[in-house]
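Here is a short report on a predicted model. Please read it alongside the sequence and the 3D view.

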Amino acid sequence: MSRPRLDPLLPTTTLAAMLLTLAAIAVPHALRLPFWISLLALACGGWRYLRAVRGESLPPTWLRVLLTVTVVGGIYAHYDTLLGLEAGTALLVSMTALKLLEMRARRDTHVVLYLGFLLIGMQFLFSQTLPNLIYLIVSVWAMLMLLISAHRATGHGKPWQYARLSGALVLQAIPVAAVLFLLFPRVSGPLWRMPDEGHAQTGLSDTMSPGSVSQLSQSDAVAFRVEFDGDIPPPSQRYWRALVLTHYDGYTWSRMTPRTPPPQLDHVPVEHAYDILLEPHGQQWLPALEMATRAGNEIGLTALYELRSRNPLDERLNYRLRSSPHYRLQAELPPNLRQAYLMLPDASAKQAKELAQKWRADSNDPRDILRRARDYFVQREFVYTLSPPRLPRDPVDQFLFETQRGFCEHYAGAFAVLMRAAGVPARVVTGYQGGELNPIGEYLIVRQSDAHAWVEIWMDGEGWLRIDPTAWVSPNRIEQGLASALPAGEPIPFLARPDSGLLKALELRWDALNNGWNRWVLGYNPSLQRSVLSRLGLDNLFYTALALAASIALIVLTLTLILLLQGRRRGFDPLAAAYERFCRKLARAGLERRHHEGPADFARRVVAARPDLAEPVRAITKLYIDARYGAATPSDAPRKLRRLITTFRP
Amino acid sequence: MPHVIDRLLEQANAIILGKEHQIRLALACILARGDLLIEDLPGVGKTTLAHALAKLMGLDFHRIQFTSDLLPADIIGATIYENGRFTFQPGPIFAQVVLADEVNRATPKTQSALLEAMEERQVTVDGETRRLPDPFFVIATQNPDTQIGTFPLPESQLDRFLMCLELGYPDAEAERALLRGEDRREILRELRPVMTPEQLQQIQAQVPRIHVSEALVTYLQALLEHSRVCGRYRNGLSPRAGLGLLRAAQAWALVDGREAVLPEDVQAVFPSVATHRLHPITELEGRTRNRHTRELLEEVSVP
């Protein structure tokens with residue numbers, strides 16, 4: 001049996017465009033899929049194209065079935081499941097590729113194109129960034145173009161006409177999508193679980209040792225963005241507290257949280273109200289402008305007065321805070337806690353301890369001790385640098401008395417040790433300092449390069465006071481940011497530089513765009529929706545409108561269904577269906593009716609090829625022709641035809 | 001009645017050798033009351049075909065050789081002063097079968113006089129309307145080679161011909177028979193009619209009664225629609241072309257001795273009905289217009 005030649009389903013140029021578009025859609029998926037699936041998809045596309053160019057027929061059924069079974073098996077072996085987002089995507093991509101191999105009728109073309117649309121949509125389950133949206137719109141536009149040209153019977157037409165038409169369709173769809181986005185009821189939380197991106201931890205960590213913060217300063221990635229309701233505080237007040245480190249082992253400062261309720265915070269009500277949009281960092285700390293006074297229910301407050309989320313942050317988090325720069329935290333410190341904040345390892349920082357004890361001997365007043373410490377840092381030749389010498393023996397002593405070159409963690413660590421040795425309770429705070437104002441959109445961008453460490457000391461009656469020894473050595477770091485504080489030649493990340501010209505301006509613009517996208521589109525949750533709708537004056541109407549829309553949708557759906565079913569019944573012709581079956585039987589015997597071939601011509605061809613079938617074929621064809629095209633259709637014709645065809649065995 | 005048609009075909013085929021399909025189409029064209037355009041080189045038997053058909057149907061026959069100085073009056077006739085009074089001298093158009101030979105050599109004015117007469121089945125001279133005989137049938141021939149001093153018929157005029165045929169060279173066997181056989185003019189002269197004009201009119205009246213099923217209308221409409229949307233032609237087929245196509249298919253079915261039209265009938269007449277009405281936007285290399293039309297047929301499914 002010879003398989004029929006491939007009908008020219010699509011012009012080869014359209015086919016090529018279709019394969020290329022599908023490939024472009026699949027590329028972002030391919031980055032996540034096992035390599036062999038991409039290879040398979042490429043092979044299928046290439047194969048299909050070559051077959052079309054050479055006018056060869058498509059691979060036989062057994063081969064396609066074999067391929068399908070193998071691929072499904074392979075996916076199961078790789079993922080241990082066929083469900084879930086990753087395995088589902090792998091399945092969809094490979095099945096789309098395999099479908100290409102049986103794309104012989106217009107219907108198959110449509111199936112492939114719809115699969116392509118599905119693939120575009122699935123891309124959004126993995127990533128919802130703004131560039132992805134642009135990619136989606138362009139892909140949809142290209143796919144629509146293909147869909148239009150596939151619908152045109154011959155594909156002869158001007159490509160730019162299709163481009164214009166599909167462009168118009170996309171543009172028409174955008175406002176509809178926007179209105180649906182605004183009005184469609186939101187559910188809190190995603191409908192599906194986003195894939196874990198490996199819990200990569202970025203940003204500050206729970207410990208601080210020499211070099212840890214300066215390493216972070218090499219990155220100009222955004223840590224978080226802040227939008228203030230009113231005035232933005234001056235740079236010297238932009239201390240974003242994240243973690244409080246209480247324990248020193250001679251090299252590393254680490255967290256040890258007492259199991260006590262959060263301490264008392266008294267404050268003068270000068271407040272900043274602001275929203276923080278925190279990039280996911282895989283940890284639990286949440287930065288807050290010093291000193292946060294109120295937080296939502298989902299945010300925990302520790303005994304060290306840190307804000308913590310319940311779970312590691314794998315998704316962008318938006319939270320609202322109020323802060324007061326004038327505060328009194330933990331005015332009374334229980335003796336056991338006070339003792340804990342004075343602890344130092346015996347073996348380390350001997351010289352520093354000596355120095356501190358000398359200060360203490362002179363005056364017991366913590367204010368005097370603080371003054372002495374400050375004078376020490378200001379008067380000696382301390383240098384603020386990103387690349388300090390290594391301190392292998394004792395980081396505090398070596399730094400204070402030998403190298404005197406260091407980054408904020410050196411100053412904070414050494415100062416905290418000095419304070420503890422002098423009998424002043426002290427702890428290290430890490431977080432971010434500063435932030436860059438984006439004039440487009442009026443918000444602050446805080447980057448990893450703004451990471452900073454400082455110290456809090458406790459004074460009786462005043463509670464914890466923030467002391468930043470780095471500010472004594474390098475006031476510019478606090479006032480103007482990292483770049484102006486470092487000597488020339490230090491490796492400053494590009495975007496942290498204050499003046500990088502046009503590129504920087506573009507970056508700020510792009511960041512503003514992204515910020516808006518994150519905040520207003522991705523962060524469009526039920527409460528934001530309610531507030532937007534109430535601002536539009538649709539507040540009370542909302543649920544009524546919802547019910548109304550739902551009932552209209554239901555009615556439209558029902559009507560459509562009814563019409564569709566009626567259309568089917570009207571379109572259904574028992575004679576045509578029976579004849580269709582006759583043709584299928586002959587097609588299996590290798591005699592396929594060409595779609596443009598009339599029944600009499602077809603019968604002649606069949607009889608010429610298979611004279612043994614002449615009698616039944618003639619009888620069936622005559623009955624069919626008389627009933628379908630003749631003047632009077634006897635009512636029993638379909639039944640007779642069906643009976644003849646049932647017994648017909650080509 | 002089929003008996004008469006079969007005899008007519010048989011006789012015509014005996015004169016014009018190897019052109020069964022074209023003769024059948026020409027006959028269907030006459031039965032559908034349409035006019036026929038034959039586009040071909042000189043000497044392939046256009047005149048013989050026209051003459052033979054007229055003779056076999058018992059119709060009188062006039063041949064008008066179109067030249068560049070032919071005037072409308074030379075076709076229609078004129079009023080002349082004779083014996084003290086004006087009398088109308090009918091032109092050669094007053095015949096049941098008119099062969100307009102090399103119609104593209106005349107000026108457009110003369111051409112349109114012929115085509116108007118063809119369309120109206122009457123002529124008006126000096127304010128007096130005179131009916132043309134019935135049955136009336138025009139066979140026009142056109143030389144396809146572009147020559148100096150010709151006026152190819154414009155598209156709107158082409159649309160008035162129901163069919164446009166190409167005869168083409170006879171195949172080897174037919175040609176050998178032709179070369180060996182008698183003089184065609186001799187045979188023509190001896191030809192006896194196989195029917196009367198009245199019989200022809202009766203058969204013509206039967207054509208519209210050939211059954212057209214719903215399924216066939218669907219198919220025919222799909223063909224017309226496709227010619228409009230496929231984007232290969234400057235214009236698709238007009239509704240007039242659609243009606244002509246249907247009538248021609250009915251006539252074809254009648255010639256074939258059937259009482260209902262099949263998709264095959266439409267397909268059989270489609271190239272000759274559609275080709276001269278469709279003008280491809282781009283002339284593709286190595287493809288005749290006929291081939292275009294056949295492709296069009298292959299792109300529309302038979303329901």
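## A salt bridge in chain A

A:Glu507 and A:Arg447 join their side chains in a salt bridge, 3.9 Å from N to O. The term means a side-chain nitrogen of Lys or Arg within 4 Å of a carboxyl oxygen of Asp or Glu. This pair links distant parts of the chain, 60 residues apart. A:Glu507 sits in helix H17 of chain A, and A:Arg447 in strand S19 (residues 443-447) of chain A. Helices (H or I, at least four residues) and strands (E, at least two) are DSSP runs, numbered from the N terminus.

Over all chains, the count comes to 33 salt bridges. Side chains of opposite charge can pair when their charged atoms come close.

## Basis of the model

This is a predicted model: local features need pLDDT of at least 70, side-chain atom pairs count only at pLDDT 80 or more, and totals for chains, interfaces and linings use all residues. Residues are numbered from 1 along each chain as its sequence is written, chains are lettered from A and ligands numbered from 1 in the order in which they are written, and side-chain values use heavy atoms, with hydrogens and water left out.

## Where chains B and A meet

How many residues of chain B are in contact with chain A? The count is 21 residues of chain B, against 17 residues of chain A. Contact means heavy atoms within 4.5 Å. The two chains bury about 1600 Å² between them, with 57% of it on carbon and sulfur atoms. Buried area is the accessible area (1.4 Å probe) that two parts lose on being put together, summed over both. B:Leu262, B:Glu264 and B:Val302 supply 28% of the area that chain B buries against chain A, more than any other three residues.

Between chain B and chain A the count is 0 salt bridges. The interface does have 9 residue pairs in polar contact, both residues at pLDDT 80 or more. A polar contact is a pair of N or O atoms within 3.5 Å; within protein, one must be able to donate a hydrogen and the other to accept it, and residues adjacent in sequence count only if both atoms are side-chain atoms. On chain B, the elements giving two or more residues to this side are helix H10 (214-229), helix H12 (263-274) and helix H13 (289-298).

Most residues other than glycine have a negative phi, and most peptide bonds are trans. The bond from A:Glu290 to A:Met291 is cis, with omega near -5 degrees. A:Met291 lies in the loop between strands S9 (288-289) and S10 (292-294) of chain A. In chain B, the bond from B:Asp134 to B:Pro135 is cis, with omega near -5 degrees. A:Tyr305 is not a glycine, yet has a positive phi of about 60 degrees.
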